[in-house]
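Me: I have a structure to read and I am new to it. Can you take me through some of its features, one at a time?

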Amino acid sequence: MTQVLVLGGTGWLSGRIAQRWRDAGAAVTCLARGERPAPAGTVLLRGDRDDPGVYDRLAEQRWNEVVDISSRADHVAAAVAALGDRADHWTYVSSMSVYSDDTTKGLDESGIRHPPAQPGDEYQYGAQKVAAEDAVMTLADRALIVRPGLIVGEGDPSDRFGYWAAAFARAGIDPVLVPELAARAVQVIDVDDLAAFLTAERRRGIVNAIGDVHPLAEVLSRIRAAAGHSGELLEAGDGWLEAHGVQYWMGERSLPLWLPADMPGFMRRDNSAYRAAGGAIRPLEETIRVVLDDERARGLIGSAAQDSAGKTNARSSTS
């Protein structure tokens, strides 16, 4: 029986990975801290990866597959050091935030990365992912490094895509504030497509795992239609939004999917390697439908901080 170790297994993405390996007939062990459960039919070991001995009970086992999604380079490096020689194959879920160039459109896997994080550095997500990649790359042809972009889908805790489904569904005939749409794009990967790719077969190398590029105006139009919104779109320029305290991308008082104009390449990455490796990209409408159903099941609450930005500034722009 295939022996799979998921370093995590209780989170949004890692739980799906563990579940898919279980459904494929593998014996799945999850190593995680906290109180969240792992998928039924898997073995959950509680452990803190800050503990130097956390891998001791795993080091006697031969692992056919190890999956890690951590964004802390020291955790990844310690896992590779402890278990690398016991693993037939290692999958690391990195991020397209490793790229230092957010200007060039169509960047592929050869793009220049940020300098790797060093011990003692202030935490920076992209630099941590780069250093983690470097640790996994020491496993050479036993390693697969997958760089997703924005992951979306049912249960997304970040609410960066679901925000718009909930906002349009709540608004009905009322106006909804949107950023300036011209020349902006959206590129996402459905969480279930990504999980399927990560568990399909033992691939090797480095892959940008992302869907196709769509104009932001088109994506919001599709979400709006699915949600039945008939109110006005209040399009605001970057300067106006910044002056009113609205944040880019995510966080408090933010408009998700809105990026600075000087980052045109961030959501226009090349996905040809993902497609060539058999990666699936489901129709955008399917993802929108699932996300909208999920938001409705959760009560269309969305992020209170983000929602305050949309509501407050929608009122301001009409006054």
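Me: How are α2 and α3 oriented to each other?

Reply: Two packed helices are described by the angle between their axes and the distance between those axes. Here helix α2 (residues 73-83) and helix α3 (residues 125-137) pack at about 10°, with axes 8 Å apart. They are therefore roughly parallel to each other. Angles under 35 degrees count as roughly parallel, over 145 as roughly antiparallel, 65 to 115 as roughly perpendicular, and the rest as oblique. Axes are lines fitted to C-alpha atoms, for helices over the stretch in contact, and the angles run from 0 to 180 degrees between N-to-C directions. Helices (H or I, at least four residues) and strands (E, at least two) are DSSP runs, numbered from the N terminus.

Me: What should I know about the model and its numbering?

Reply: This is a predicted model: local features need pLDDT of at least 70, side-chain atom pairs count only at pLDDT 80 or more, and totals for chains, interfaces and linings use all residues. Residues are numbered from 1 along each chain as its sequence is written, and side-chain values use heavy atoms, with hydrogens and water left out.

Me: Which residues of α2 meet α3?

Reply: Contact means heavy atoms within 4.5 Å. From α2 come Ala73, Val76, Ala77 and Val80; from α3 come Gln128, Ala131, Ala132, Ala135 and Val136. By class, the contact of α2 with α3 has eight nonpolar residues, one polar and no charged. Ala, Val, Leu, Ile, Met, Phe, Trp, Tyr, Cys and Pro count as nonpolar, Asp, Glu, Lys and Arg as charged, and the others, Gly among them, as polar.

Me: Which residues of α2 are buried?

Reply: An α-helix has 3.6 residues a turn, so residues three or four places apart point the same way. In α2 the buried residues are Ala73, His75, Val76, Ala79, Val80 and Leu83. They span an arc of only 165° around the axis, which puts them on the same side of α2. The arc is that of the directions from the helix axis to the C-beta atoms. Buried means under 20% relative accessible area, exposed over 50%, and partly exposed in between (1.4 Å probe, protein chains only).

Me: What covers the buried residues of α2?

Reply: The cover includes β1 (3-7), β4 (65-68), β5 (90-93) and α3.

Me: How do α6 and α9 pack?

Reply: Helix α6 (residues 216-227) and helix α9 (residues 284-297) pack at an angle of about 50°, with axes 10 Å apart. They are therefore oblique to each other. Val219, Arg222, Ile223, Ala226 and Ala227 of α6 make the contact with Leu284, Glu285, Ile288, Leu292 and Arg296 of α9. The contact of α6 with α9 has seven nonpolar residues, no polar and three charged.

Me: Where do α4 and α9 touch?

Reply: The axes of α4 and α9 come within 9 Å and cross at roughly 65°. Gly162, Tyr163, Ala165, Ala166 and Ala169 of α4 meet Val291, Leu292, Glu295 and Arg296 of α9. The contact of α4 with α9 divides into six nonpolar residues, one polar and two charged.

Me: Is Ile210 buried or exposed?

Reply: At 1% relative accessibility, Ile210 counts as buried. Ile210 sits in the loop between β11 (205-209) and β12 (214-215). Leaving aside neighbours within four places in sequence, its contacts include Met96, Leu150, Val188, Tyr274 and Ile281.

Me: Is Arg203 buried or exposed?

Reply: Arg203 is buried, with a relative accessible area of 9%. Arg203 is in the loop between α5 (191-200) and β11. Leaving aside neighbours within four places in sequence, Arg203 is in contact with residues including His89, Leu144 and Phe197.

Me: What is the phi of Asp159?

Reply: Most residues other than glycine have a negative phi. Asp159 is not a glycine, yet its phi is positive, about 65°. Asp159 lies in the loop between β7 (150-152) and α4 (162-171). Asp159 is buried, with a relative accessible area of 7%.

Me: And what is phi near in Leu257?

Reply: Phi of Leu257 is near 75°, a positive value in a residue other than glycine. Leu257 is found in the loop between β15 (254-255) and α8 (272-276). Leu257 is buried, at a relative accessible area of 2%.
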